[in-house]
Amino acid sequence: MTNSGTPLTRTGAPTGSHQGAVVGSVLTLPLFEQLCGVLGGHPYVKVVVDRQQGVWHILDSAVHSFHVNYIATEIQALTLEELDAELDGFNHSVYQDPERRFLLGVLSLHFGGPEDQSQPFLVLETTEADTMGATLLTEFYSFVREQLDSALALLVKPANHGQANALTSVPETVLPRTQGHELFAAAPFVPLTLGSAVGRLRAFASTEEYLAARPGLTWYDIVAMPVVPDDIPRLAGLLNGSPTTPLSHTNMLAAGWGIPNAIVRGVLDRIAADDLDGAWIRYDVLADGAVVERAEQPSDLTEPTWHTQRIRLDAPQVADVPIVPLSELRSHDRRSYGTKAANLGELHHVLRHGSARLTGYYSVPRPPRPDLLGHLAGRLRTSEHADLAEAAGAFLARRVSAPEGIAVPFAVQQRFLDSSPAVQQSIGKLKMALELDAMDAVDTACVQLQHLVRTLPVPEDLVRALDTHLVKHLAGTSRFAVRSSSNAEDLPGFSAAGIYESHTKVTDLPGLLDAIRHVWASLLSPRSVRLRHQAGISLDDTYMGVIIQRYEASPLGGVMVTCNPTNRADFRNVYLNCAHGSTSDVVDGTTLPLQYLYNTVEGGGRTISLGAASEDLDPHTQDHLGELALAGRLLQSHFATDYTFAVPLDIEWLLAPGGRLHILQLRPYSA
């Protein structure tokens, strides 16, 4: 079973007045098939309209990867070296200049007319950075329409929010169009994590079927479901038959594990038709499609490297560490308070004092550009000659807030556990079961231990210390958020997304103590213990800190990663999900969120999916999300531990009333 869009074959390189392109011809479906490539499951060709000459060029996708390269070398007789030397100016002339000579776009082939789902139609769109407004888009559409086989329907897809807003005044009878989120909802294939695996395919039509089989799932299984749920063990691959978001906890874990993961429409029907459930398969997720085919069961099921290689943890500090305000922490305090708490403390510091590192991402060559600092100046609306680090710091201070709260260190959890002989005895039983690799006994010991932790009284002096800090730092708070901050998460090869608990409906001290105990107990859940054990993380090395924050009510919140998780070669865009209400609805899969890509180089954004929403966000709110995307890219630079500044961040956020951006947590995004 192969899913890579419509199967097409190249029958030979067409000829024209320019190498690797057809010029001035009517585009028929056979000619399209000769020239097309495949992207996201859809065949496509690039087109260039020369307004000066009154002709269009249909590029051969196997020869020309970029419009600008073709224009420069084939039309204007420039060398690629000459183009690279003036690339920003050249790009401006073809993407932003209102008097531009060339109109650049892509024609993609889709199927599914309103009356006949097999009916082909073409979609015309520009690049995401193109500022083409209503007049030029209408001219572009009209020219292309005249060059097409009359049997092929043509729709325009706005490539960004600016184009979508510009077209609201143009009747669809003049400019027929579709929206990106409409095409995404019907997309036959979406890559979530690129990769390859050989494993045993397990297909489940419902959550009930999956839950019944879950105890028997193992590391070499590849699970196929309508949407893979949030409580998966470590597996070899995931196949989703319905839309989901790359930023759910499940898909974050899959990205961190580096296992192939994709949305493939109709995959369960195809598995049933080919009788693949329970069979050994090879599963490849590529940028342009997924391949599922029968494979031989390996004669020697050698444990994967992640099962035998230990994850490295920094030595924790658990002696004489106090409860402190989040604002007093810095990154190095993760050894005492956990990564989440330490990163929030570091965020407070950046917002107060700025950082010379904020421009790091933009100062590194992103071929063919020597740097992107000119684009950063444009995003910050300042001069290229200004102090960009200072301007970036001022932008963050003006637009972003960090949560007020306190951090409870590992030392408090350790003292709490040491206060009970029953807890210590139960921990000993759990360690023994882990040493014997007796997973049934492990699960039983975990459940018993969690019950003890949740019901054990907190020592009175710890209660008084918590009360003192709450009065001093969070007085007036009517609702609290209590979040985990472990040393066994956000690690290379072990993200732990979603395996520890958070509580956001706490209103008083008894409820707060109960929430803290539940967060501590989540470190000992059967699932979290199993996943850490598989990764070689010892129970003795694992600690849990707790963050207590003032709960921030917000009409909109979500998650952002400062990369494009479906195309890691894309250095421009960040991926942003949001929903009305709780951010947890986004990450735990409760609500299919609105999904956006925001360009942090040239600017602008586009809607990928409306999810469960009935309509898109208003343009003003979309602009706020664009500011959040830029803030995330700047913070990525500050939090980078190397000097490529390329490791993306995973950020949970809220949009507060009035438009201020509130960052709840930030951590490395492992993929």
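In this predicted model, helix α19 meets helix α22 through Met439, Val442, Asp443, Cys446, Val447 and Gln450 on the α19 side, and through Pro526, Val529, Arg530 and His533 on the α22 side. By class, this contact of α19 with α22 comprises six nonpolar, two polar and two charged residues. Helix α19 covers residues 439-455 and helix α22 covers residues 526-534; their axes are 9 Å apart and the packing angle is about 130°. That angle makes α19 oblique to α22. The crossing of α19 past α22 is right-handed.

Helix α19 also packs against helix α21 (residues 509-522), with axes that come within 8 Å and cross at roughly 155°. Angles over 145 degrees count as roughly antiparallel, and α19 is therefore roughly antiparallel to α21. Here too the crossing, that of α19 past α21, is right-handed. On α19 the residues in this contact are Gln450, Val453 and Arg454, and they meet Asp514, Arg517, His518, Trp520, Ala521 and Ser522 in α21. The class composition of the contact of α19 with α21 is three nonpolar, three polar and three charged residues. Gln450 is listed in the contact with α22 and again in the contact with α21.

A further helix pair is formed by α16 (residues 388-399) and α24 (residues 619-639), which pack at an angle of about 130° with their axes 10 Å apart. Helices α16 and α24 are therefore oblique to each other, and their crossing is left-handed. Helix α16 contributes Ala392, Phe395, Leu396 and Arg399 to the contact, while α24 contributes His624, Glu627, Leu630, Ala631, Leu634 and Leu635. Seven nonpolar residues, one polar residue and two charged residues make up the contact of α16 with α24.

| Helix pair | Crossing angle | Axis distance | Handedness |
|---|---|---|---|
| α19 and α22 | about 130° | 9 Å | right-handed |
| α19 and α21 | roughly 155° | within 8 Å | right-handed |
| α16 and α24 | about 130° | 10 Å | left-handed |

Turning to the aromatic residues, a search of the whole structure finds eight aromatic pairs. One of them joins Tyr361 and Tyr362 in an edge-to-face arrangement, with 5.8 Å centre to centre and 80° between the planes. Tyr361 has a relative accessible area of 4% and is buried; Tyr362 is likewise buried, at 0%. Tyr596 and Tyr598 form a tilted aromatic pair, at 6.1 Å centre to centre and with 40° between the planes. Both Tyr596 and Tyr598 are buried. Elsewhere, ring pairs link Trp219, Tyr220 and Trp280 into a cluster.

Ala77, a residue other than glycine, has a positive phi near 55°. Ala77 is placed in the loop between α2 (67-75) and α3 (80-85). With a relative accessible area of 66%, Ala77 is exposed, because exposed means over 50%. Asp320, which is not a glycine either, has a positive phi of about 55°. The loop that holds Asp320 lies between α11 (305-308) and β16 (324-325). Asp320 is exposed, with a relative accessible area of 82%.

How values were computed. Residues are numbered from 1 along each chain as its sequence is written. This is a predicted model: local features need pLDDT of at least 70, side-chain atom pairs count only at pLDDT 80 or more; totals for chains, interfaces and linings use all residues. Side-chain values use heavy atoms; hydrogens and water are left out. Axes are lines fitted to C-alpha atoms, for helices over the stretch in contact, and angles run from 0 to 180 degrees between N-to-C directions. Helices (H or I, at least four residues) and strands (E, at least two) are DSSP runs, numbered from the N terminus. Angles under 35 degrees count as roughly parallel, over 145 as roughly antiparallel, 65 to 115 as roughly perpendicular and the rest as oblique. A crossing is left-handed if the near helix is turned anticlockwise from the far one by less than a right angle, and right-handed if clockwise. Contact means heavy atoms within 4.5 Å. Ala, Val, Leu, Ile, Met, Phe, Trp, Tyr, Cys and Pro count as nonpolar, Asp, Glu, Lys and Arg as charged, and the others, Gly among them, as polar. Rings of Phe, Tyr and Trp (its six-membered ring) pair if their centres lie within 6.5 Å; planes under 30 degrees apart count as stacked, over 60 as edge-to-face and the rest as tilted. Buried means under 20% relative accessible area, exposed over 50%, partly exposed in between (1.4 Å probe, protein chains only).
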